[in-house]
Amino acid sequence: ALVMDYSGSMSSQDIVGAENAACGFVDNMREQDQAAVIKFSSTVSVSQPLTSDKNVLKAAIRTPFHERGWTALLDGIFYGMTALDGALGRKIVIAYNDGYENHSSRNVNNVISYAQLLNVAIYTIGYGPSVDQNLLERIAVETGGEFFFADNWEDVAIYYQSVSNLVDNYYILAHTSTDPE
């Protein structure tokens, strides 16, 4: 699930940069991959439920989100996890944010516990000087994801691609011994 920040601190240029980076991620999805688009500010909206249709996902990313208020990051991540219900394969959330959490009804412990329960890895991308790096890093580390900090839009796009590569190259190896001892 792609969880995208549209809070009041996001400029028009920031929104375009975030949307371009997210569309780049969608372009790199494999045929069998699915994603959902979640947008947040003071409230959260599921802009596109789970689908593998890249054109539908990119249209949802580009559709304007007019509320420009506070930052309900944790609620956005929570909705991102619930949007993955029914997804096959490895479940991840990529959450982009440029500031501090200040409006969610859920707390960080609830979000991390829910992610651990559902086995969802949360990858966080923080952009700019006002981002709460400690919060984003904690969420990522405690859910099996990774935190990325970016100070320009090229880095944001690179980090979306890095997550794509990490997920595409994720394997679980198991071995069952025939030795009874």
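## A look around a predicted model

At 1% relative accessibility, Ser 7 counts as buried, since the cut-off for buried is under 20%. Keep in mind that this is a predicted model. You'll find Ser 7 in the loop between β1 (2–5) and α1 (12–27). Its side chain makes a polar contact with the side chain of Asp 5, at 2.7 Å. Beyond four places in sequence, Ser 7 touches Phe 40, Ser 41, Arg 68, Gly 69, Trp 70, Thr 71 and Asp 98.

Now for helix α5, residues 133–143: its buried residues are Leu 135, Leu 136, Ile 139, Ala 140 and Thr 143. Looking down the axis of α5, you'd see these buried residues fall within an arc of 125 degrees, so they line one face of the helix. Asn 134 and Val 141, on the other side of α5, are exposed. The buried residues pack against α3, β4, α4, β5 and β6.

On to the rings: the structure holds six aromatic pairs. Here are two of them.

| Pair | Type | Centre to centre | Angle between planes |
|---|---|---|---|
| Phe 78 and Tyr 114 | stacked | 4.7 Å | 25 degrees |
| Tyr 96 and Trp 153 | tilted | 5.8 Å | 35 degrees |

Phe 78 sits in helix α3 and Tyr 114 in helix α4, 36 residues apart. Phe 78 is buried at 19% relative accessible area, while Tyr 114 is partly exposed at 25%. Arg 106 lies over the face of Phe 78, 3.8 Å from the ring centre.

Tyr 96 is in strand β4 and Trp 153 in helix α6, so their pair ties together parts 57 residues apart in sequence. Ring pairs also bring in Tyr 127, making a cluster with Tyr 96 and Trp 153.

How values were computed:
Residues are numbered from 1 along each chain as its sequence is written. This is a predicted model: local features need pLDDT of at least 70, side-chain atom pairs count only at pLDDT 80 or more; totals for chains, interfaces and linings use all residues. Side-chain values use heavy atoms; hydrogens and water are left out. Buried means under 20% relative accessible area, exposed over 50%, partly exposed in between (1.4 Å probe, protein chains only). Helices (H or I, at least four residues) and strands (E, at least two) are DSSP runs, numbered from the N terminus. The arc is that of the directions from the helix axis to the C-beta atoms. Contact means heavy atoms within 4.5 Å. A polar contact is a pair of N or O atoms within 3.5 Å; within protein, one must be able to donate a hydrogen and the other to accept it, and residues adjacent in sequence count only if both atoms are side-chain atoms. Rings of Phe, Tyr and Trp (its six-membered ring) pair if their centres lie within 6.5 Å; planes under 30 degrees apart count as stacked, over 60 as edge-to-face and the rest as tilted. A charge sits over a ring if NZ of Lys or CZ of Arg is within 6 Å of the ring centre and within 35 degrees of the ring normal.
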